[in-house]
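Please keep the sequence and the structure in view while reading.

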Amino acid sequence: MPSTHSLAPLPPATPRAPVRWVLALSSHILRTERLVLTGLMTLLVLFILLNVVTRYTGMPIYWVDEAAVYTVVWLTFVGASVMTRLRMDFAVTMLTDHLGARGARAFKVVATLGVLLFGLAMLVMCWVWMDPIGIARYGFDAKEFAAESFNFLYTERTQTLNWPTWVLQLILPIFSATFSVHALANLLEDMGAAERVQHAGFDVVNADAVN
């Protein structure tokens with residue numbers, strides 16, 4: 001008669017160091033994004049309340065509208081990065097529902113790989129668009145850089161805030177980097193290189209029901 005010890009499940013294998021580093025980096029980014037989301041949502045509420053009060057008193061502050069718009073933009077990109085790691089992005093399962101477990105897993109790996117490639121491509125696009133080496137070559141002189149390259153990113157300013165637009169548009173390369181790290185972490189989990197991580201502090205109903 002077999003002993004009860006022989007029926008005990010084996011503990012999961014410890015992932016290799018590079019895999020652990022990617023998962024740890026993704027977890028750190030996710031916790032930071034949670035704080036950023038909280039701060040941005042608070043800031044958005046304050047902007048809306050300020051806008052209502054100032055308009056009601058007949059002394060509207062015009063830059064509040066633009067600030068609220070850019071806050072929503074940052075909220076959207078940070079939230080999209082978080083949803084990627086939590087696997088709350090949309091998925092169409094018409095095909096995978098008719099496949100076996102092995103086929104569905106293969107398709108999921110391919111889909112996650114596509115997400116990673118998209119993030120990396122966006123990161124390259126941001127590098128070409130912002131051209132940090134090019135602007136540095138001109139001594140960070142935005143006008144000379146724009147005259148030679150016809151890239152006017154560093155000369156444009158917002159309409160009411162009068163901020164440099166490139167500062168606000170930094171969310172694009174930031175999103176591309178965090179999105180790519182999260183996609184790589186998801187890919188490693190889908191390939192079986194590590195167990196799926198449970199993320200504390202994110203109370204979602206059921207991420208598996210979404211993807």
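**An enclosed helix and its surroundings**

Of the 20 residues of α7, 17 are buried, so this helix is largely enclosed by the rest of the structure. Buried means under 20% relative accessible area, exposed means over 50%, and partly exposed lies in between (1.4 Å probe, protein chains only). The model is predicted: local features need pLDDT of at least 70 and side-chain atom pairs count only at pLDDT 80 or more, while totals for chains, interfaces and linings use all residues. Residues are numbered from 1 along each chain as its sequence is written, and side-chain values use heavy atoms, with hydrogens and water left out.

Helix α7 covers residues 171-190 and spans 28 Å from its first C-alpha to its last, close to the 28 Å expected at 1.5 Å a residue. The expected span is 1.5 Å times one less than the number of residues in the helix. Just after α7, G192 takes a positive phi of about 85 degrees.

Rings of Phe, Tyr and Trp (its six-membered ring) pair if their centres lie within 6.5 Å; planes under 30 degrees apart count as stacked, over 60 as edge-to-face and the rest as tilted. By this rule there are seven aromatic pairs. One of them joins F118 and F179 edge-to-face, at 6.0 Å centre to centre and 80 degrees between the planes. Because F118 lies in helix α3 and F179 in helix α7, the pair ties together parts that are 61 residues apart in sequence. F179 is buried at 8% relative accessibility, whereas F118 is partly exposed at 48%. Ring pairs also link F77, F118, F175 and F179 into a cluster.

A further edge-to-face pair is formed by F145 and Y154, with 5.9 Å between centres and 65 degrees between planes. F145 is buried at 1% relative accessibility, and Y154 is buried at 17%.

Of its 211 residues, 32% count as buried. Among contacts (heavy atoms within 4.5 Å) between residues at least 6 apart in sequence, 73% join residues at least 24 apart.

Terms used. Helix = DSSP H or I, 4+ residues; strand = E, 2+ residues; numbered from the N terminus.
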